[in-house]
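Please keep the sequence and the structure in view while reading.

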Amino acid sequence: MEKIQKLEEFVEIFKKEISISETIILTAHRDPDGDAIGSVLAMQEALQNIGKDVDIVLDEMPKVFLELKNSDKILRVDEFEKSNKKYDLAIFLDNNSKKSFLAPDIILERAKKSINIDHHIGGNIFTDIMYVEEESPAVCETVYKILKKLEYEITYDIMKAIIIGVITDTGRI
């Protein structure tokens, strides 16, 4: 378990992990807010655009976010628990406390490698790699920075998810 301090160093590690991963699962904290939902949907879209098989597992989300692309494809935790799909990589977003996530132990058991991306101060390391950008007002902003450093195309749907996450987590852009 390793906590990475610098964005550039994290992006290099993240890039390597993504390159060797075909199946990826994304999740965010219980009772997801706009930042949690926006970050997983933006990351999913970006990773699918480069050919990855990406699932999201989340709590039921507020109806206001159902207009976002792929929000209808999010797995509920009971659906996820019934499946026995294995993943090359699990990415946890928008929290740094294991107990704040749904089914973290099952997700970690089913994934060969795990990464946590967050913006909250404190917390604990429960994944193989952890990156926390404490000065970031929303994890969606951190996701945007990562995608830009990776030179991924920022599509309309990615940007919409990121903007909604930033606005709902901070009240401003």
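Helix α1 crosses helix α5 in the right-handed sense; a crossing is right-handed if the near helix is turned clockwise from the far one by less than a right angle, and left-handed if anticlockwise. The model is a predicted one, in which local features need pLDDT of at least 70 and side-chain atom pairs count only at pLDDT 80 or more, while totals for chains, interfaces and linings use all residues. Residues are numbered from 1 along each chain as its sequence is written, and side-chain values use heavy atoms, with hydrogens and water left out. Helices (H or I, at least four residues) and strands (E, at least two) are DSSP runs, numbered from the N terminus.

Two packed helices are described by the angle between their axes and the distance between the axes. For α1 and α5 the angle is about 65 degrees, and the axes are 10 Å apart; axes are lines fitted to C-alpha atoms, for helices over the stretch in contact, and angles run from 0 to 180 degrees between N-to-C directions. The pair therefore counts as roughly perpendicular, a term for angles of 65 to 115 degrees, whereas those under 35 are roughly parallel, those over 145 roughly antiparallel and the rest oblique. On the α1 side, Leu 7, Glu 8, Phe 10, Val 11 and Phe 14 make the contact, and on the α5 side Lys 145, Ile 146 and Lys 149 do so; contact means heavy atoms within 4.5 Å.

How does α2 lie relative to α5? The axes of α2 and α5 come within 8 Å and cross at roughly 15 degrees, which means that α2 is roughly parallel to α5. This crossing is left-handed. Asp 35, Gly 38, Ser 39, Ala 42, Met 43 and Ala 46 of α2 meet Val 139, Cys 140, Val 143 and Leu 147 of α5.

The sheet comes next. Strands of a sheet pair through backbone hydrogen bonds, either parallel or antiparallel. Here six strands form an open sheet in the order β1-β6-β5-β4-β2-β3, with parallel pairing; two strands pair if DSSP finds at least two bridges between them. At the edges stand β1 (2-4) and β3 (53-57), each with a single partner strand, so one side of each has no neighbour in the sheet. Strand β2 (residues 23-28) pairs with β3 over five bridges in the parallel sense, and Thr 27 has Val 57 in β3 as its bridge partner. Helix α1 (residues 7-19) packs on the sheet and touches β1, β2, β4 (87-93), β5 (111-118) and β6 (129-132).

The largest nonpolar core has 40 residues, and Phe 10, Phe 14, Ile 91 and Ile 117 have the most contacts inside it. Such a core is a set of buried Ala, Val, Leu, Ile, Met, Phe, Trp, Tyr and Cys residues joined through side-chain atoms within 4.5 Å. Helix α2 (residues 34-49) supplies its largest share, eight residues. A second, separate core of 10 residues includes Val 57, Phe 92, Ile 107 and Ala 111.

Two loop residues remain. Asp 94, in the loop between β4 and α4 (104-110), has a positive phi near 70 degrees although it is not a glycine. Its relative accessibility is 1%, so Asp 94 counts as buried (under 20% relative accessible area; exposed is over 50%, partly exposed in between; 1.4 Å probe, protein chains only). Glu 151, in the loop between α5 and α6 (156-170), also is not a glycine and has a positive phi of about 60 degrees. At 73% relative accessibility, Glu 151 counts as exposed.
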